[in-house]
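Subject: A structure for you to look at

Hi,

Here is the structure I promised to pass on. Please open it next to this email, and then read on for what turned up.

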Amino acid sequence: MNMLSDSQNARVFYENSSAQPDRDCTRRINSGRAAPPVRICNTSRYAQLKPSADIPALVPVPSERPNTHERRANPLGRAATASVARETVGGLRLAVLDLEQTADFMIDMVFPRRRVISRPLYLTSANGEVLSRCSTEPMTDKLFRSADLINADGQPLVMMSKLRSQKPLPERVATTDLFHIVARKAQDLGLTFYLFGADEAENEAAVTNVRRIYPKLKIVGHSHGYLRGDALRAKVDEINALAPDFLWVALGVPYEQAFVEEFMPRLANVGVIKTSGGLFNFLSGSRPRAPNWMQSLGLEWAWRLWLEPRRLFWRYLTTNPHALYLLFNRTRASQSKRD
C-alpha cells in the first residue's frame with residue numbers, strides 16, 4: 001500500500017453516466033437532477049478499484065490519522081493566517097472569526113494587493129457531518145486539514161465551543177451568508193468572482209440572480225461542475241487565465257475539497273478559493289433557507305431533512321449522533337492560535 005505523499009495523488013473519479021453508482025461511496029453534487037456520478041471512495045475499499053485509461057488511480061492513505069501540522073507546511077499559507085485564533089471543536093481546528101471578520105479577512109488577502117503569491121489561499125467549512133466523516137475517513141480528514149482556514153458552518157459547533165473553549169466561536173459562518181457580505185465588499189472595491197459548481201441550469205440561475213442583486217460585481221466567468229478529464233483540466237486552466245480574486249467552488253463534500261487538492265497547483269493566479277457546498281442552490285432560489293429561529297437553534301439540518309428526506313435521512317441518521325459525540329469529547333481549548 002502506497003502512502004499519499006503530496007497533493008498530486010488526490011484524485012476525483014468521474015465515471016460515465018452509464019455506469020451504475022456504488023451506493024456506499026457515490027453521491028451526486030448539490031443538485032437533485034440526474035448527472036454523471038462523481039466518486040471518491042472510502043479508503044477501506046481502495047483495494048477493489050482498478051484504474052483505467054480514463055480514470056486515474058487513487059493512491060490509498062494509511063489507516064492512522066494524518067499529522068495535524070501537515071496542512072501548515074506551506075510557509076505562505078502559515079504566514080497569511082498566523083494572526084487568526086483557532087479552537088479545536090469536534091476534532092478540527094476552527095477559525096475564531098465571525099461573518100464580518102471572515103469576509104474582511106478574505107478581502108484583505110487580495111486587496112489592495114494579494115498577500116499570497118504563486119498559490120491561492122484556501123478556505124473551507126465544517127459542520128457536524130464533516131466532523132463525523134473526518135473522524136472515520138482518513139482521506140476526507142486529510143483533505144480538510146490541507147485547508148489554510150476552516151470556518152464553522154454549523155450552529156451546534158458554535159454552541160459547544162461556548163461551553164468548552166477558552167475562545168468560543170463568535171457565530172456560525174454559513175457560506176450562504178458569507179457570500180453576500182464578500183460580494184458587497186468586492187463590488188465596491190472592483191474585485192472579481194468566478195462561480196464553479198452545480199449543474200448547468202443551477203449555475204446559470206445562481207449567476208443571473210447574483211448579477212441582479214449586485215449589478216456592479218465583476219463576475220469574470222462561471223461554469224457548472226459536471227466536467228471530467230481534458231474538459232475539466234481545460235476549464236481549470238481557463239479559470240487560472242481569468243485570475244479571479246475569489247473562486248467559489250460548489251461541488252459538495254468531499255468533492256470540492258478534492259478538487260482544490262488536485263488543481264491548486266494549476267490555479268496560481270487565483271486569489272482565494274472558498275469551498276461552498278450547496279451555496280448555488282440557495283443563490284439560484286431552488287432551495288429556501290431555514291427560518292432564522294431554526295438556524296439559531298442549530299436545527300437547519302432538520303429543515304433540510306424535511307425538504308429532502310430521501311437524500312438526507314440516512315446521512316443524518318449516521319452522522320448526527322457521531323458528531324454530537326465528537327463535540328462532547330473532542331472539543332478543547334487550543335494551546336496556541338497557530339497550527
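**Salt bridges and aromatic pairs**

K185 has a relative accessibility of 21%, so this residue counts as partly exposed (buried means under 20% relative accessible area, exposed over 50%, and partly exposed in between, with a 1.4 Å probe and protein chains only). Before going further, please keep in mind that this is a predicted model, where local features need pLDDT of at least 70 and side-chain atom pairs count only at pLDDT 80 or more, while totals for chains, interfaces and linings use all residues. Residues are numbered from 1 along each chain as its sequence is written, and side-chain values use heavy atoms, leaving out hydrogens and water.

What does K185 pair with? K185 makes a salt bridge with D104, and their closest N and O atoms are 3.0 Å apart (a salt bridge is a side-chain nitrogen of Lys or Arg within 4 Å of a carboxyl oxygen of Asp or Glu). This pair joins distant parts of the chain: K185 sits in helix α6 (residues 175–189) and D104 in helix α2 (residues 99–108), 81 residues apart. Helices (H or I, at least four residues) and strands (E, at least two) are DSSP runs, numbered from the N terminus. D104 is partly exposed too, at 36% relative accessibility. Together with E100, D104 and K185 are linked in a network of salt bridges.

The whole structure holds 12 salt bridges. Among them is the one between R133 and E129, with closest N and O atoms 3.5 Å apart. Both residues belong to helix α3 (residues 128–136), 4 residues apart, or about one turn of the helix. Are R133 and E129 buried or exposed? Both R133 and E129 are buried.

Now for the rings: a search of the whole structure gives 6 aromatic pairs (rings of Phe, Tyr and Trp, its six-membered ring, pair if their centres lie within 6.5 Å; planes under 30 degrees apart count as stacked, over 60 as edge-to-face and the rest as tilted). One of them is F179 with W248: the ring centres are 4.9 Å apart and the planes at 65 degrees, so this pair is edge-to-face. F179 lies in helix α6 and W248 in strand β10 (residues 246–250), so the pair ties together parts 69 residues apart in sequence. F179 is buried, with a relative accessible area of 0%, and W248 counts as buried at 0% relative accessibility. F179 and W248 also form one aromatic cluster with F193 and F246.

Enjoy exploring!
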